[in-house]
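Please open the model in your viewer and keep the selection panel at hand. The stops below go from one selection to the next.

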Amino acid sequence: MEVSIAVSEAVKLANVDVISAYPITPQTHIVEHLSELVADGELKAAYIPVESEHSALSAAVGAAAVGARAYTATTSQGLALMHEIMFIASSMRIPLVMTVVNRALSAPINIWNDLSDIMAQRDCGWVQLFAINGQEAVDLTLQAFKIAEDPRVLLPVVVNVDGFILSHVIEPMEIPDQETVDRFLPVFKPVIRLDPEQPVSMGILGGPDVYTEVKKQVEEALIGSQKVTAEVWKDFGNIFGRNYKPIESYKTKGAETLLVTMGSITETAMTAVDVLREKGQKVGLIHIRLWRPFPFTEFFQAIREAKVLAVVDRALSPGGVGGPVGLEIKSALFEQKERPYIAEFVAGLGGRDLPVEVFAEMVDKAGSYAQKQKKMRYEMIGVREK
Amino acid sequence: MAKVDALHPWKEVPLGCAILEPGNARQFKTGDWRSKIRPVTDREKCIKCGMCWIFCPDMSYNRREDGYFDWNTDYCKGCGICARECPKKAIQMISEEE
């Protein structure tokens, strides 16, 4: 099954009440299939075909505010257009779920994959998850509703699925049955909602006397969501037999150099680790599944034996110390007494292919830079100098 | 904005800064400071037309049973719109000290 179709089947299994979406490549297949499911009566939900992504997220926020289970999906420019509503959704404590099919931001116009769209939304106060394959895209979608709607969280959740290289591929996946999903995912019970019988106002003015406290609430809820996410993953593992962790390790035992990845490049990087291990190199990999809130403890635990980290960033923070992932890791390690050498690579921008050899190249470079203790902020991989 | 005197600790701010009590804007006394002038109505000139009540942007005027309009100090910002709109020039803006 195509991963996009599988994601929309997962949304159907989550029994959403409202879908509001605007089609945009490479997200289109998800919302197209959902609109078909609604039109064919297979999914009893309201499908709102809005006029822009700004409206798509606004309508989803409104729907969730009255107590509906709401879903939307977008990518790249569409996500950028949602930017102002992203903050509104989290600060209003609206539990909704969005799939972001990751694609590069213009200009130049580019429909291919990197993480520049979601990384520009890093600080929007959402729970942010990254799928490395189709099965994860399905599973994380189901989990996202349960995380978002937990009364201890009540925050929007984004599930990131790489554009084309994940969204448009056909993979064997296990699509659970409705009964099992219902056992895992209870009916959404809002804590407060718009109700004429018990009137409340949401999205109000908050002056200097209360704004700080509201932001503190969001911050604490987001940090606290990690515990809830762990519980949700435990439940999920018990019911579906697939286990999830905020940071996953691959062949890290005895590894001196660790690749650090996010999203669908991870499986290619794993193949690179296999190849290099066969050659006798002490290489492993970790991938960050939970990006926000950043799982500091699990990260420190996962890298404790590593001497070198080769961090792969698929977005750039122009004029800064590097890409967002490298920046996060460097600052997280700042207070650690002993820390590995960090070689950061910005790669795969705008859909530039990242085959196995490129990961091997990054591992080799990281090793030699570490030996020389080369001072580097980051290196852009594969950029033509002449 | 909720009650201006309700400086809640962050854990007690209603979820997402929602207002849980309808109509509580009237508890926010917008007239606790104003420009240094306030309106005074001359009842001899007043014809009870209600223009002050209609034009007041802060709803500081309330109609009495006898048809005259009372001025409510809690919400007046001293803008002088009532004095300007009064067709009988019955409202004067006077200094707060007077």
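Begin by selecting chain B together with whatever touches it: twelve residues of chain B are in contact with 20 residues of chain A, two residues being in contact if their C-beta atoms, placed from the backbone, lie within 7 Å. Colour the chain B side of this contact by class and you will find ten nonpolar residues, two polar ones and no charged ones, where Ala, Val, Leu, Ile, Met, Phe, Trp, Tyr, Cys and Pro count as nonpolar, Asp, Glu, Lys and Arg as charged, and the others, Gly among them, as polar.

For orientation, this is a predicted model, in which local features need pLDDT of at least 70 and side-chain atom pairs count only at pLDDT 80 or more, while totals for chains, interfaces and linings use all residues. Residues are numbered from 1 along each chain as its sequence is written, and chains are lettered from A and ligands numbered from 1 in the order in which they are written.

Next, select domain 1 (3-240) and domain 2 (247-380) of chain A, whose bounds come from an automatic or database domain assignment. Their C-alpha centres lie 28 Å apart, and the contact between them takes 26 residues from domain 1 and 20 residues from domain 2. On the domain 1 side, α6 (116-119), β5 (127-130), β6 (157-162) and α9 (211-240) of chain A each give two or more residues; helices (H or I, at least four residues) and strands (E, at least two) are DSSP runs, numbered from the N terminus. Of these elements, α9(A) gives the most, with five residues.

Now show the strands of chain A, seven of which form an open sheet of mixed pairing in the order β2-β1-β3-β4-β6-β5-β10, two strands being paired if DSSP finds at least two bridges between them. The edge strands are β2 (46-49) and β10 (290-292) of chain A, each pairing on one side only. Zoom in on β1 (residues 18-21) and β3 (residues 70-74) of chain A, which pair in the parallel sense over two bridges, and find A:Val18 opposite A:Ala70.

Finally, look for the largest nonpolar core, which has 127 residues; such a core is a set of buried Ala, Val, Leu, Ile, Met, Phe, Trp, Tyr and Cys residues joined through C-beta atoms within 7 Å, and a residue is buried if 20 or more other C-beta atoms, placed from the backbone, lie within 10 Å of its own. This core draws at least three residues from each of domain 1 and domain 2 of chain A. Apart from it lies another core, of eight residues, including B:Phe69 and B:Cys82.

How values were computed
A residue is buried if 20 or more other C-beta atoms lie within 10 Å of its own, exposed if 12 or fewer, and partly exposed in between; C-beta atoms are placed from the backbone.
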